[in-house]
Amino acid sequence: MKPASPIEKRINYLRDEIRRHDRLYYVDSRPEISDSEYDRLFRELETLERENQGFASGDSPTRRVAGGLSEGLGKVSHSVPMLSLANTYSADEVEEWIARVERLTGGEKKDFVVEPKIDGVSCALIYERGSLARAATRGDGETGEDVTPNVKTVRSVPLAVENSALLPARLEVRGEIYIDKEDFARLNDALAAEGKEMPFANPRNAASGSLRQKDPSVTARRRLKFLAHSAGEGSEAFASHSRFLASVAAAGIPSVKARIISTADGVMRYIRDAESNRDAYPFEIDGMVVKLDSVQQRSRLGSTARQPRWAIAYKFAARRAVSKINKIVFQVGRTGVVTPVAEIEPVAVGGVVISRATLHNFDEVKRLGVSEGDTVSVERAGDVIPKIIKVEQKAPSAVEVVPPVKCPACGSDVVREENEVAYRCVNPSCPQQLERSLAHFASRDAMNIEGMGEAVVAQLVAKKLVSDYSDIFGLKEDDLLGLELFKEKRAQNLLAAVEQSKSRPLSKLTYALGIRNVGEKTARVLADNFRDLNRLSSASKDELSSIREIGPAIAESVVNFFSQSQTRSLLAKLKKAGVNTVEPQNERVSDIFAGKTVVFTGELDGFTRAEAEAEVRKRGGEPSSAVSKKTGMVVTGANPGSKYAKALKLGVKVVDGSEFAEMLSEEFRKR
């Protein structure tokens, strides 16, 4: 065999390295390099492949997103039918099923595998000699849809496995395509802000709609993930289900975390524990699946025409309730979008009493056929905003809900732009828009102006003391003393907080400006790449789109925002007021939090939340607002919230604020 050339060696090295970092980032949640370092490796590989096309490979990381649009989803026949599972909501039925399995298999020792039932989209991946050859949806169980180009954009799905010797030459890996709860919320926020699509009702719908896009580049931006849970063709190569899960995971294909249990009591204890902790999962689960582990014992039990006899799905109780709509009100957001919201009779859903539920937009109102006085089903999943699922009983005197032609806040025209779902108030000075924009600008994750909450902002707008962000920095003590409940000390504290906010980094200012589609993480990416507001505000779409995390929609939003004359005027006033417009070059000082996510809860002593998060980033960690099993550490201050309880329940390491400070001090002593 001819030895590899230096160029071929470099290409192979880059492919392996990028695959490794994809797994660290998208599967293990412990990235080793920065986004800019990843981008540098990726661009080098693209250049080498373009200049040396003789080394082209279909499983290269650069081939994840194919160009152009597909003509439609072709049909794929499953060589082994993708059967559905028998469902039950009863512990007694699970125990009866286990007893039946034990009778049918005789007195042999047997183990059961219990794993989460992910609320996603079933998908079958065919690997041939370690390379992804095809991906298909379940369809009717016999025939599915070919979604290969789209699944190739899912970065947790390896295009080539890490060790093909662990798998048979041809293996069908079945699992779920899903979207994490946090990514689902970000996606819906972005779609609502863009106004081009109706936000998805739940993560499963989001995953399904994203997987079936004609344009794979759209799928690529949706942050879909995959977890393997079973085998189709080629399953005979594994003696047990647990061996299959371990083998595909070792080969680089992410698989569900399962528990092997040998008794009916143990199975039900584990299921009940999972149900009580279902919110701790980063993705939605709607139950637990119990399977016989031994493949040999499974083959003896066989299957019916519809479902295997060796598995059963225990479905959790739905977190829904029935209530009555008292009133439907129209709420104006900070981007001018008018959103219908239902005020309902207070009802407990998922352990929380709710009295308001979003209706998303007026297309959704029409689809549901909802109106005031209707009796409706309300659902709340995890931390997602409560929503109305369907109308259970129409009100006798129901009146159709129609979009307003005038803004409920300012009386200006409300329009629906072409190709948009959203209705918007056209008045940029609309007081409700202004209030929400100012409250966002001053919020803790933005400029962090302590004391400038919604009630204070509402008074400032009503008294015409503030008409845009820059006016905040011109407030005087006499202005504040004219507000309700303000005395000298409170006014001085707020003015001090305003002054302190001027030193916030560019990443915070970028997020505070409220650019469509730009959330907190995206703002940090933009600041890290451009470092200065002048450079960011003059960036082209091509410059922005070349950044790994920035898609065309975000790039367009950023360019449109900074091209407006009002924006240029605002930025000039902010600079004149002394607001910082650069991102400091924070060099990494150590690796004590490398690869860890750190969550803060409660009031920290000696640190603001922003300062504490900055310290974590400087030491290789990533701050997060949500606690999960993958969280590396939770730091608690005074009056910690529910995150503390969740951390204890999940067994996540917990330290208090003083211990966190000591960790930093100890690190400095060692340097």
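## Close-up views of a predicted model

**View 1. Helices α12 and α13 form a right-handed crossing.** The model shown here and in the views below is predicted. Helix α12 spans residues 431–442, and helix α13 spans residues 454–462. The two pack at an angle of about 135 degrees. Angles over 145 degrees would count as roughly antiparallel and 65 to 115 as roughly perpendicular, so α12 and α13 are oblique to each other. Their axes lie 9 Å apart. On the α12 side, the contact is made by Pro 431, Leu 434, Glu 435, Leu 438 and Ala 439. Glu 454, Val 457, Ala 458 and Val 461 supply the α13 side.

**View 2. Four strands build an open, parallel sheet.** The strand order is β20-β19-β21-β22. Strands β20 (622–624) and β22 (654–656) are the edges, each pairing on one side only. From one strand to the next, the twist averages 30 degrees.

**View 3. Strand β21 runs parallel to β22, and helix α23 packs on the sheet.** Three bridges join β21 (residues 633–636) to β22. Across this pairing, Val 635 stands opposite Val 655 of β22. Helix α23 covers residues 642–650.

**View 4. Ser 323 is a buried residue of strand β12.** The strand runs over residues 320–332. Ser 323 has 7% relative accessibility; the limit for buried is under 20%, so Ser 323 counts as buried. Which backbone atom lies 2.7 Å from a polar atom of the Ser 323 side chain? The backbone oxygen of Glu 345 does. Beyond its neighbours within four places in sequence, Ser 323 is in contact with Ile 344, Glu 345 and Val 347, and also with Asp 374, Thr 375, Val 376 and Val 378. Val 347 sits 24 residues from Ser 323 along the chain, yet their C-alpha atoms are separated by 6.6 Å.

**View 5. Asp 286 is a buried acidic residue in strand β10.** Strand β10 comprises residues 285–292. Is Asp 286 buried or exposed? Its relative accessibility is 17%, so Asp 286 counts as buried under the 20% limit. Residues up to four places away in sequence are not counted in what follows.

Note on methods: Residues are numbered from 1 along each chain as its sequence is written. This is a predicted model: local features need pLDDT of at least 70, side-chain atom pairs count only at pLDDT 80 or more; totals for chains, interfaces and linings use all residues. Side-chain values use heavy atoms; hydrogens and water are left out. Buried means under 20% relative accessible area, exposed over 50%, partly exposed in between (1.4 Å probe, protein chains only). Contact means heavy atoms within 4.5 Å. A polar contact is a pair of N or O atoms within 3.5 Å; within protein, one must be able to donate a hydrogen and the other to accept it, and residues adjacent in sequence count only if both atoms are side-chain atoms. Two strands pair if DSSP finds at least two bridges between them. Axes are lines fitted to C-alpha atoms, for helices over the stretch in contact, and angles run from 0 to 180 degrees between N-to-C directions. Angles under 35 degrees count as roughly parallel, over 145 as roughly antiparallel, 65 to 115 as roughly perpendicular and the rest as oblique. A crossing is left-handed if the near helix is turned anticlockwise from the far one by less than a right angle, and right-handed if clockwise.
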